[in-house]
Amino acid sequence: MAAMIGATSARAAGGPEQQVTGTSLSTSVLNNPSNKVAEIFTAVGTGILHRITVDVQKTGTPGDLKVEVVNTANGSPATGAARANTTVSASAVSTSMSTIQFDFVYPAAAYSGTSYALVFTTTSADVSNYYSFATETSGVNGSHLFTYAGSWVSSTDSLRFGDFVQAFAPATTLPANNKMLAFPCDSTAGTKTFIDLSSNGTLTPNTNSPEASSKCYSGGAYNPITNKFVVVDGNSSWSKLYEISPVSGATEAELTFYLSNALSTVTIDSVAIDQYGYMYIFRRNNSVYYAQPRGAANQYDLILLASGLPRSGLASGFNPVDGNLYSLMDSQAGGPSQLFFLTLTRNGQNIPTSASVSYAMMAPMCLSTCYSLNFDSSGVGWLTNSFEASPGVWVTDMYSMTSAVGSATYSFQGRLGAGAGYSDSLLIYPATIPLMTVPAAPSPTPTPSSPTSTPTPTSSASGASTSSGSRNSSSLAETGNPAILNEVLFWLAFSSLLWGVMIYLRRSRFV
């Protein structure tokens, strides 16, 4: 029987974004723990894929049923880390065909027009203990079935499935007193381009101050005391931080760090700076430190604030509204990132002395891919998510984030493609700073024309030989400096006037 297809919005009474329904008795069987059953589908809207459903039944006592959301490559389910995954107990699956719901604890971000695959596996199955998935002869928006028994095989049939996507919040804007800048990280030849995001989410290339292709800035922060950017260089294996002038775009200094008076070379994941100009360093050893100035320029001692953090803080930022640190921490295993809230304890001089993790929130778009988090003056966080959208094509998605205790709401702001600048570092700074201004280019030097004849030397009053084309000539026009010419003309006119007055007075005495 032909599939009865419906496509509905995720906002409509909490229903599926799109769904394949029907009454066909056809099935696809999963009867081996090495085999897989998958459905490729294309997302209709952009948002958070938090639930899927599938019609399935069990025979005998197979193992639990797992589903993963993965990217696609060349039209097939891709290998690599899952965007989201969850498992349903075998006891929750009926021996008659029924709709089973899979809710993701850490959902996946889905983008309109992008294809994803739902991959189903089990830990235990054989010819007597297996799962049967209901199929229809056609899908929705091109969705269709894949099976795996050593290699992926495509089918024109479709599973009876539904995907539930909660739309991102509407795009927000920066406060008027803030601007934003993204430092691209592209492997293309030549220089990279700064991206000015100050036009309320409009992604506008700014080519005034290109960055050398040897640099890949991965996260950073603006220091309100020094009025400088501090960025992590990803091309140095995240072990170096640089200070950059917002005005000229020039790299002004490399920052060095000491741990127990020894120079530290441990990987730095991210940096955050508070309203006092105090700098916080998140290192790959799952610890966060306060960078205390040593007294010498650009040198700091690392003072431990908290160790044993749940994950590595790949992107961190200071929220000026609630006065706390936030860190997008990743497991380094390809799983989804979590946004952790860190409470700071300070002494009487507001110097941080310790930090504690209070709670975590989901960051479904981040799969080891979010490297920058900054907050604007209203307390809204802005983050980047950089990933390989297709083989060899890297892009960066921009998000804004509002948070409350235990929850976060994300707004999709736009995408930087490879042609516009792939970025791992986003910074927010006061709008009063003239961003990356450069001096006007000097006027081109005129090319002298070939003389039609050789100047004829003449004799001066002193007998010295001069030429009308010689720099020894007293011709003011040849100096090329109108200011000097004007000054000489002024004094000549003044002298003539003074001389005239003296002659008049002298004649008046003898009248």
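**View A. E68 and its partner in strand β10.** In this predicted model, E68 has V119 as its bridge partner in β10. The two strands involved, β6 and β10 (residues 115-122), run antiparallel to each other over seven bridges. Strands here are DSSP runs of E with at least two residues, numbered from the N terminus, and two of them count as paired if DSSP finds at least two bridges between them.

View B. β6 (residues 65-73) pairs with β8 (residues 84-88) in the antiparallel sense, with five bridges.

**View C. The hairpin of β6 and β7.** β7 (residues 76-77) is antiparallel to β6, over two bridges, and A73 faces S76 across the pair. Two residues lie between the strands, and N74 takes a positive phi near 55°.

**View E. Around F133.** Skipping neighbours within four places in sequence, F133 is in contact (heavy atoms within 4.5 Å) with residues including L30, V54, M97, F120 and L159.

**Notes.** Residues count from 1 along each chain as its sequence is written, and side-chain values use heavy atoms, without hydrogens or water. Local features need pLDDT of at least 70 and side-chain atom pairs 80 or more, while totals for chains, interfaces and linings use all residues.

Methods: Helix = DSSP H or I, 4+ residues; strand = E, 2+ residues; numbered from the N terminus.
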